[in-house]
Amino acid sequence: MPTSDLLTAERIAEIGALEYENTDSAALVAELVGAVDEGRVADPDDTGYALLVAADILEQAGDLDDALTLATRAIAEQPDDNAHARSVRGGLLLRLGRDDEGLAELTALRPALETDPGAMHLIDGLMESGHTETALEWLTGALEAILERTRTQQHSSEDAQDEAAAMIYGLVQQRHDLREEMGLPHDDHDHLADRLRAASDHALDALDDDGPATLLFWPQAEFDALLVRWPALVDSYPAQWDEHRAQLERALADAAGLGTADLGVVAGSVAGLATFAERNGGDPTDEDTLDEYADSLSGTDLRAWPPGRNDACWCGSGSKYKKCCLPRSRS
Ligand SMILES: [Zn+2]
Ligand SMILES: [Zn+2]
């Protein structure tokens, strides 16, 4: 690896997706931190990201002190956008036995559990350091606050209702699974979790021969090429690829929150769409053609959604889902 190269977001994501046990973790940390030290991060907004991936490698290697140093530095590098870095730092402090400091850091972020599904990082930090009771208490608190709001605010917008439904679904399932791990019996919220999950199964049956509910996704290079080839599609898609995948993630989370099961994405290609439209005599910029094209792909290239939190993200970035589109859709 030449040391004069710029460190791109793609390279950071690639390192983040590696299985550290089988790689030279010291070299990866040096590559990331070296680029930060020497001002070689291609997009300065990714500086904190690079440091957090390095911190994660060190944490997995058991070097908690150095991981903490990097997480603390990530916070300082990006003072305006550091909630994730602070939750990583809080989790590390807890794992180091510095409970007061760690809990103070995480408690300051706790309100985000009611509004931001990406805040589930806090719960990871608590659980990985053995603070299971606190994790359960926070999940319950956030869940009940949202349930209470949906009961009392009857005039909220449809978007706000969808968002609340997706939050409730995420919190109640996470809480259900945590309580199961703790060997606790089902309470009312767990029954709600079961009902919502069963509603998903029911929605699956209702889809019958339509197969999975799939959305058409354009990988980055295809997305850029798509709008060049068919400028008329600018009205159907956002200007930025990041927003395209964020929109899909939001739509999928909403669908799951409303009980749709068996969700997935299919990756389109410009060449594939051109061939499909030609063969079927359709206009490639027409909604129906795009829908039929997506259906034609669902038999061969379906990516099930959601992936596991630690599995590769569905968007093909190479990053773990929990570090890629899961948080992206909520920003
Ligand atoms: Zn259950
Ligand atoms: Zn992604």
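Predicted model: local features only at pLDDT ≥ 70, side-chain atom pairs only at ≥ 80, totals over all residues.

Residues are numbered from 1 along each chain as its sequence is written, chains are lettered from A and ligands numbered from 1 in the order in which they are written, and side-chain values use heavy atoms, without hydrogens and water.

**Exercise 1.** Find how the protein chain is divided into domains.

*Solution.* Start with the bounds, which come from an automatic or database domain assignment. They give domain 1 (1–81), domain 2 (116–206) and domain 3 (208–328). Next, take the C-alpha centres: those of domain 1 and domain 2 are 32 Å apart.

**Exercise 2.** Work out which helix gives the most to the lining of the second largest pocket.

*Solution.* First, list the helices (DSSP runs of H or I, at least four residues, numbered from the N terminus). H7 (120–128), H9 (158–181) and H12 (241–257) each supply at least two lining residues. Then pick the top contributor: H9, with ten residues. Finally, look at the domains: domain 2 and domain 3 each provide at least three residues of this lining.

**Exercise 3.** Decide whether cysteine 315 and cysteine 325 are buried or exposed.

*Solution.* Recall the cut-offs: buried is under 20% relative accessible area, exposed over 50%, and partly exposed in between (1.4 Å probe, protein chains only). Cysteine 315 has 4%, so this residue is buried. Cysteine 325 has 0%, so this one is buried too.
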